[in-house]
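Please keep the viewer open as you read.

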Amino acid sequence: MSWEKLPQLELANDRVSLRRIRISDIGGFREIAFEPDTWRYFVSSIATEQDLEEFIETAVRDTLTGTRIVFAIIDNRSGRIVGSSAYGNLTKAERRLEIGWSWVCEAARRTGINRAAKLALIEHAFTELDCERVEFKTDVLNTGAREGLRGIGAREEGVLRSFNYMPGGRRRDVVYYSILRGEWPTVRQQRFGTLTAGERG
C-alpha cells in the first residue's frame, strides 16, 4: 500500500475494522456523535445535525484530496460504527505522519477498541508506509488522552503554547508525543503484546 493509495486503505483485526468515512455513514454516526463529553477537548464539536453533516462532508473531502485520511472505526463484534480516527499531517518526503482526530463513543471506551485501532494504524505506518516517525498531539488539559498515549508507549516531547483556538475562544496548549521507527519493535512487544495488527488492504 503506497501513500498515494491511502484513501482506499482498509485495516482490520480481530477487534476492529477501519475504512474511510462515507456519506452513507451518517446514520451510524448519528447514533454516537451527540455525546457532549466526547468533544470537550476537540477543536470542533458535533451538537447539531448540521455539525454532523459538516463532520462527514469534511472527512470525505479531506480523504479524497489526501489532506487527511479519516477512518470510521467499526466494532467487529457488533458491526456498528463506534468512532473515528485519522492519519494527518502526511509528510511522505520526511516519512512521518500524525495519528489523531480520534474519538470513540462512551460505550466503546475502556473496551480495547481504541487500542486495537491505534495498533492497526501505527503498524501500517511503520511496516507499509515505511515511516520513521508517528506523532500524536493532544490538549494539555486532556489527562485521559495523555494517559492513553503513554499507555501505548508514545514518548512525550513537549508543549507548544497557545497553539490554536478551541470552541468558545480558549487558546489551547498542545503536548506532542511520538513513536520512532527504531522504538516500535520494543513498544509493539511491551505495550501491545499478542494483539494482532490485522490484515491490510
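## Surface and fold

The protein exposes about 10,200 Å², of which carbon and sulfur atoms supply 47% (Shrake-Rupley method, 1.4 Å probe; for residues, only the protein chains shown count as cover). This is a predicted model, where local features need pLDDT of at least 70, side-chain atom pairs count only at pLDDT 80 or more, and totals for chains, interfaces and linings use all residues. Residues are numbered from 1 along each chain as its sequence is written, and side-chain values use heavy atoms, leaving out hydrogens and water.

Five helices and nine strands make up the secondary structure (DSSP runs, numbered from the N terminus: H or I of at least four residues for helices, E of at least two for strands). The C-alpha trace spans about 45 × 40 × 35 Å along its principal axes. Of the 201 residues, 47% are buried, meaning under 20% relative accessible area with a 1.4 Å probe, protein chains only.

## Aromatic rings

The structure holds eight aromatic pairs (Phe, Tyr or Trp rings, the six-membered one for Trp, with centres within 6.5 Å; planes under 30 degrees apart are stacked, over 60 edge-to-face, the rest tilted). In one of them, phenylalanine 55 and tryptophan 103 have ring centres 6.1 Å apart and planes at 65 degrees, so the pair is edge-to-face. It ties together parts that are 48 residues apart in sequence, because the two partners lie in these elements:

| Residue | Element | Residues of element |
|---|---|---|
| Phenylalanine 55 | helix H2 | residues 49-65 |
| Tryptophan 103 | strand S5 | residues 96-104 |

Both phenylalanine 55 and tryptophan 103 are buried. Ring pairs also link Phe55 and Trp103 into a cluster with Phe29, Trp39 and Phe42.

Definitions and conventions. Buried means under 20% relative accessible area, exposed over 50%, partly exposed in between (1.4 Å probe, protein chains only).
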